[in-house]
Amino acid sequence: MDKIKHIMVAASLVFTLTGCSDFLDILPMNEVVLENFWTEKGDVTSVMNSCYETLESGDCLTRMGVWGELRSDNLRLGSSVPNEINEILKENLLPSNPMCNWSSFYVAINRCNTVCHYAPMVQEIDPNYTLEEMKANIAEATAIRALCYFYLIRTFRDVPYTTQPSIDDTQPYVIPATPFNAVLDSLIIDLEKVKDDAVRRYYQDDSPNAYQNSSKITRWAIYALLADLYLWKGDWDNCIRYCDMVIDFKKEQYKEMIEREGNVNNIALFGDIPMILEKPVGSTVCGNAYNEIFGEGNSFESIFELYFRSNQSQQNSWVSSYYGNNNTTMGRLSAPDFLCKDAALGNNLIFKKTDGRVYESTELDNSSYAITKFVRRSVSYSTQNVTKEADLNLSSSRRSSSDANWIFYRLSDMLLIKAEAEIQRGEGGYERAFNLINIVNKRANDVINNARTDTLKMADYVTSKASMEELLLEERQREFMFEGKRWFDLVRVARRDGNNTRLISLASRKYIENVNAIKIKLADPNIIYFPYAKSELKVNPLLVQNPAFGNEEDNELTK
């Protein structure tokens, strides 16, 4: 943890003080911070912005993808993959692997802690910084901090936890790991305190700056995060309550859109839930939902996502390097055959031939399936009368720069998180859960106004909890593949089951070689989490290595 401290002290505020080199050269950091920086609203805004910028960094983004997706059944080896990634793909994960380094997340956490610490002091001395603005900034920082810790506990289980900023070299920051459930409870308590202080909306929905309503923390983003946290906690009622708050907001947003614009041809009600149509009214081709959600970004359905622009220096390096870019069809990673093969022929076990998500998100490149989700700027195709892939008449354009937004939460999340909680509440919730899952599935299969028969039949699933859980996991895989969620879904299932049986069955589907050895390795209940980095153990003697990796600490990756 001492390593974390040095990183946080050195990087957390200097990042925002690039125009202040005169006194940086004269005063120690503590005096710079205390006497010269935290004096006005702009100082809080500057550090608050740096919290987002840390999340957008290549270090953070890559780990969000690696930690949440790489070990799942969604990803395989692509082209020229780095050794540290290849080792994880082979389930040869060691404490010396650079992907075990969590420093960038603790930089973001410390910046958030610093905002929460100093914002009240600034509010007392700057008359232009209102109480409401200060409380909103604290809510914003608390949410980003909670998101970072949520990534950490889902990846490492128990992690060093603090809400105090590192502002003084004399502070002891060598602290032991806090248990998963204790951190989870603390995150919920903190967010419950500030949730209603967050900004509801930064701009009107028809404003050119409306993208900020989903690229910055709002009240709805906090509600979405709380729903997810309660799902992991197993508090089904609160999980559903917060999902409903976000869903109701989207309903109101849709109503406002209708009142403002009249008829809206690209969004329609599925039941009473407004969803972006794959095929807008009057159009003969699908792809609209992909184009708005992933191509343009900050769509109607978005709740919180990182915003990238083609002219900014910081780009989405995870997507461009590991999925693909304008110059390279095949990225460092690819999709396994079972996920994509023969979908248009109707022979795929995951996707129906009318399900546009498989065509939007992957493409055949020689004998492998390249990932195109986030990579493509736009796509169009037809799913009418498809008997082979050529019948799709698919056309697409790829991004000329690495400016794909990275999505944390969108409306589909709320529907499927709520569905999962309804299933866990018991048999009485199965029908409600099915209807929510079916809304997501209907949109993807262009089932609207009875123009096409549903691909899911309720009677096939509501007979048992096992069938409903299988349906939910399959739909989450279809909807969120390559979005950094699948491995976490499998971990959540394993935690709930108390064993790794289902995780092993699903995660091992992508393997062709050493399948039995990998299944045996994954049977260890501790191995679903990452080991602490070897470098972190050296500087923090209070950390105790995950027992699944305890005998591997001194091993080094083959260079």
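Modeller: Gladly. Helix α11 passes α17 in a left-handed crossing. Keep in mind that this is a predicted model.

Colleague: At what angle do α11 and α17 pack?

Modeller: Helix α11 (residues 219–233) and α17 pack at an angle of about 30°, and their axes are 10 Å apart. Angles under 35 degrees count as roughly parallel, so α11 is roughly parallel to α17.

Colleague: Which residues in α11 and α17 meet?

Modeller: On the α11 side you will find Ala224, Ala227, Asp228 and Leu231, which meet Met414, Ile417, Glu420 and Ala421 of α17. By class, this contact of α11 with α17 has six nonpolar residues, two charged ones and no polar ones.

Colleague: Now let me follow α17 to its contact with α19. Are α17 and α19 roughly parallel or antiparallel?

Modeller: Start from the angle again: helix α17 (residues 411–425) and α19 pack at about 165°, with their axes 10 Å apart. Values over 145 degrees count as roughly antiparallel, and α17 and α19 are therefore roughly antiparallel to each other. Their crossing is left-handed.

Colleague: What does the contact of α17 with α19 look like by class?

Modeller: There are seven nonpolar, two polar and seven charged residues in the contact of α17 with α19. Among those from α17 are Leu416, Ile417 and Ile423, together with Asp413 and Glu420. The α19 side includes Met468, Leu472 and Phe480, along with Lys465, Glu469 and Arg476.

Colleague: And how do α19 and α20 cross?

Modeller: The axes of helix α19 (residues 465–480) and helix α20 (residues 486–497) come within 10 Å and cross at roughly 160°. That makes α19 roughly antiparallel to α20. The crossing of α19 past α20 is right-handed. In α19, Glu469, Leu473, Arg476 and Gln477 meet Arg486, Asp489, Arg492, Val493 and Arg496 of α20. The residues of this contact of α19 with α20 divide into two nonpolar, one polar and six charged.

Colleague: How should I think about the nonpolar core?

Modeller: In soluble globular proteins, nonpolar side chains tend to be buried together. Here the largest nonpolar core has 175 residues, and those with the most contacts inside it are Leu152, Tyr323, Leu333 and Trp406. Helix α8 (residues 131–156) gives the most to this core, with 15 residues.

Colleague: Is Asn298 buried or exposed?

Modeller: Buried means under 20% relative accessible area, so Asn298, at 16% relative accessibility, counts as buried.

Colleague: Where is Asn265, and which residues does Asn265 touch?

Modeller: Look in the loop between α12 (236–261) and β4 (267–270) for Asn265. Not counting residues up to four places away in sequence, Asn265 touches Leu277, Pro280 and Val281. Asn265 has 42% relative accessibility and counts as partly exposed.

Definitions and conventions: Residues numbered from 1 in each chain as written. Predicted model: local features only at pLDDT ≥ 70, side-chain atom pairs only at ≥ 80, totals over all residues. Heavy atoms only, no water. Core = buried A, V, L, I, M, F, W, Y, C linked by side-chain atoms within 4.5 Å. Buried < 20%, exposed > 50% of the residue type's maximum accessible area, 1.4 Å probe, protein only. Helix = DSSP H or I, 4+ residues; strand = E, 2+ residues; numbered from the N terminus. Axes fitted to C-alpha atoms, helices over the stretch in contact; angles between N-to-C directions. Parallel < 35°, antiparallel > 145°, perpendicular 65-115°, else oblique. Left-handed = near helix turned anticlockwise from the far one by under 90°. Contact = heavy atoms within 4.5 Å. Nonpolar A, V, L, I, M, F, W, Y, C, P; charged D, E, K, R; others polar.
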